[in-house]
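Good morning. Please look at the structure first.

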Amino acid sequence: MDEDIVSTAPVCYYARIFQWFKVAREITDAFEASPPLASDMDKQLLKTRSESEHCTLLRDADRSRVESYDLFFIISRSIILAAFLQWGTIGAAILSHYLTPTRGLSCWSGSYILYAVLATVVWLLAFISSIFAHIYSTSKASRSPIFRAFAINLRIVAKIIAGLNAVWVFMFSIFQFTKTYNTCYCNATVLGLGAKAYVVLTFTAAQMTTITVSYWTAGMLMAAGTAGVFIVAFNILKQPLEMHHISLDQDQEEQTSVETPHTHL
């Protein structure tokens, strides 16, 4: 069940969500508890004290609360950014072909929609399987074979769909470049219009201007704008949650000051 954790394939990145966060949290705590730069003599004096401080850096309740909040925040913003990038870029291609006469769901736009839907399903199945795997491996009370079976079977299905979707990308790309889609069925948008389908034999100059400027240019700007917003948002949101940790440190210092007796001279 843990094979995907050590796999370097991009389709297996989902399996390292919880393990990566645990290791990153431990390393962060170790750096926060380590003493500042000091001389060799000071390091020997601070070594024992810093190790004891690291062991009691946060109370168990505080640690659980911080880790749950951080993990939920990281997963939530990652899901939002990934869905925004996926559907923002592929959505531009879908709209460009959907609005181009004959308007409607055609072979081109249908191919893009099928690819995007399958990619989203792959992500959803893989993410759910990682949750089942995490529950099975961390909770002694939840070591039921049902969780293990769900984790393994969902990721197998996700990989099969991902492989078929990759083949589908190559196929509909070849169909476009070889003009396989240039048929009456595809040009008439029979897939979306059904019995009301029709074919546009010639375009006027005004229609071509509208198609080029309004639809295709808008689609390119939409795709480029989505990528630009994603890059900006990624660089902003990847900043560490400093304020949250500072507030917890302040609470801990206040509690320590209350519990420690003071001596007045």
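The largest nonpolar core has 10 residues: Ile90, Ile94, Cys107, Trp108, Tyr112, Ala116, Trp168, Phe172, Tyr181 and Cys186. A nonpolar core is a set of buried Ala, Val, Leu, Ile, Met, Phe, Trp, Tyr and Cys residues joined through side-chain atoms within 4.5 Å. Buried means under 20% relative accessible area, exposed over 50%, and partly exposed in between, with a 1.4 Å probe and protein chains only. Two or more residues each come from helix H4 (60-99), H5 and helix H6 (145-177); helices are DSSP runs of H or I, at least four residues, numbered from the N terminus. H5 gives the largest share of this core, 4 residues.

A word on the source. This is a predicted model, in which local features need pLDDT of at least 70 and side-chain atom pairs count only at pLDDT 80 or more, while totals for chains, interfaces and linings use all residues. Residues are numbered from 1 along each chain as its sequence is written, and side-chain values use heavy atoms, with hydrogens and water left out.

Now the cysteines. Which two form a disulfide? Cys107 and Cys186 do, with sulfur atoms 2.1 Å apart; the cut-off for a disulfide is a pair of cysteine sulfur atoms within 2.5 Å. Cys107 lies in helix H5 and Cys186 in helix H7 (residues 184-187), so the pair ties together parts 79 residues apart in sequence. Both are buried. Cys184 is in no disulfide, and the nearest cysteine sulfur, that of Cys186, is 9.7 Å away. Cys184 is exposed because its relative accessible area is 64%.
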